[in-house]
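Reader: I am new to this structure and would like to know what stands behind the words used for it. Could you take me through them?

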Amino acid sequence: MDYQHATLDFSDDSEQAKARRRGWITAVLRGFREESPGDELIEKWVTHYRADAVTVRGAWLPEGEFAAGPMPVATYASFDKTLNAGRGLVPLRMITDVTTSASHRRRGLLRRMIEDDLADAVAHDVPVAALTASEATIYGRWGFGPATFNTVVELDTTPGFSLRSFDDPGRVEVLEPADAWPHVRTVFDAFHARQRGSVEWPVQYGDIHSGAFDYDAGGPNRKIRTAVHLAADRTVDGFAVFKHGEDYSLVVQEMIALTPQAQLGLWDFLARTDRVKKVTFNLAHPDDPLRWALDDLGRLAVTGQRHFLWLRLLDVPRALAARPWASDGAVVLEVEDAQGWAAGRFEVTARGGVATVTRTEADPDVVLDAETLGALYLSGVEVGAMRRAGRVAGSDDAVARWAAMADLADPPYCLTGF
Ligand SMILES: CC(C)(COP(=O)(O)OP(=O)(O)OC[C@H]1O[C@@H](n2cnc3c(N)ncnc32)[C@H](O)[C@@H]1OP(=O)(O)O)[C@@H](O)C(=O)NCCC(=O)NCCS
């Protein structure tokens with residue numbers, strides 16, 4: 001089939017362009033097994049994508065072909081924001097809306113779009129690409145590895161719940177989501193600036209967290225509530241966006257705290273809400289202080305853990321120089337990369353937590369592929385774990401040296417879904 005690949009200009013308001021973007025959005029929702037879109041959803045989608053300057057790609061059937069029309073048979077979108085790599089923010093190509101119609105799958109449509117897009121990221125000096133994956137088997141072939149993991153927790157808040165001698169110097173206040181939004185945004189910005197692994201929020205988060213729009217309902221979200229935590233000096237240093245769920249549960253949609261006290265203050269508040277038997281959160285921080293602050297640690301269950309943020313390095317020297325290093329040392333790294341962008345040998349020399357990275361022809365100490373490098377990039381996976389899985393080659397000494405440099409004490413954390 002002679003598919004027509006094209007990018008859509010979402011700022012074009014001609015009737016033909018409108019029909020094509022409605023078709024494109026409908027195709028995305030069909031791919032993710034969602035309902036067809038209403039007018040309000042389309043309007044929001046277009047507004048958000050314009051604001052984020054999203055590049056919208058698709059593949060259409062050729063004109064005259066049976067079923068040809070404004071609706072594409074494959075969709076793909078991407079935009080550039082930032083990733084906190086540990087020593088600052090780096091540009092990040094964020095990939096989303098990847099679908100191929102069931103009747104056109106496995107014919108190379110995704111391959112064409114993702115390879116075009118990654119080449120474009122390289123041309124625009126974007127050093128890292130990211131996505132979240134519905135299946136773990138799809139994106140390794142393009143050099144993406146799972147770099148952060150989400151922890152799903154469930155807290156039993158039935159009578160008897162208590163924290164050990166927790167004395168909150170601040171307090172919690174419940175606000176209407178729209179009123180809370182400026183505080184939520186401020187807390188997120190501070191968090192994004194300091195948390196390795198954090199990904200900048202797309203524009204749509206403003207509507208989602210303020211309750212202005214719910215993508216599932218296709219209209220305003222009247223169910224969410226926002227609790228903000230005030231520090232002793234009355235500045236907001238944490239928030240939780242939540243809703244009441246079934247069986248007296250309280251479902252946390254988003255929660256960020258800038259201090260352990262704020263984190264515990266928010267948990268304590270949520271847990272003490274009357275007529276709530278459990279609190280659930282799908283994106284808990286791996287170092288959340290809750291477990292060891294509980295009187296009864298059996299009340300906290302980790303009910304799931306899944307790959308979350310997948311990363312792909314496109315500019316190895318720049319990306320590695322943007323992350324911190326745990327100890328001084330030097331290794332020559334060889335990266336194998338089917339697409340070539342990360343391929344080559346790199347001398348990584350770390351001093352005082354900062355690395356200089358240069359291309360070299362020297363013999364490699366450590367050999368790995370782009371997918372493994374993507375998984376190791378934020379140190380959410382330890383070098384030793386990849387070594388034991390047979391994914392990092394080199395002498396024991398060289399791999400141990402690399403591990404001492406690359407494995408960081410604190411985990412990365414990302415809670416931006418896109
Ligand atoms: C995932 C999806 C977009 C793949 O699209 P596609 O156009 O069929 O993919 P391609 O034909 O370009 O496949 C390229 C390669 O990826 C492989 N691949 C594609 N989807 C795969 C999957 N789900 N699992 C394992 N391998 C997959 C193909 O076998 C092919 O491998 P090869 O080049 O080694 O032969 C499509 O299956 C889909 O729409 N799924 C439902 C929505 C979804 O899950 N989207 C992903 C969101 S993260």
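Author: Gladly. A residue is near a molecule if its C-beta atom, placed from the backbone, lies within 6 Å of it. By that rule 18 residues surround the ligand, and the closest are Thr 100, Arg 105, Leu 110, Arg 111 and Ser 134. This is a predicted model, where local features need pLDDT of at least 70 and side-chain atom pairs count only at pLDDT 80 or more, while totals for chains, interfaces and linings use all residues. Residues are numbered from 1 along each chain as its sequence is written.

Reader: Which elements give two or more residues to the shell around the ligand?

Author: They are strand E4 (89-100) and helix H3 (109-123). Helices (H or I, at least four residues) and strands (E, at least two) are DSSP runs, numbered from the N terminus.

Reader: Why is strand E3 called largely enclosed?

Author: A residue is buried if 20 or more other C-beta atoms lie within 10 Å of its own, exposed if 12 or fewer, and partly exposed in between, with C-beta atoms placed from the backbone. Eight of the 11 residues of E3 (residues 74-84) are buried, so the rest of the structure largely encloses this strand.

Reader: What makes E1 and E6 edge strands?

Author: Two strands pair if DSSP finds at least two bridges between them. The open sheet has seven strands in the order E1-E2-E3-E4-E5-E14-E6, with mixed pairing. Strand E1 (4-8) and strand E6 (145-146) each have a single partner strand, so one side of each lacks a neighbour in the sheet.

Reader: How many bridges make E1 and E2 a pair?

Author: Five bridges join E1 to E2 (residues 55-60), and the two run antiparallel.

Reader: How do you know that the buried residues of helix H11 are on the same side?

Author: In H11 (residues 396-406), Val 399, Trp 402, Ala 403, Met 405 and Ala 406 are buried. They cover an arc of only 165 degrees around the axis, so they lie on the same side of H11. That arc is taken from the directions from the helix axis to the C-beta atoms. The face turned away from this buried side carries the exposed residues Asp 396 and Asp 397.
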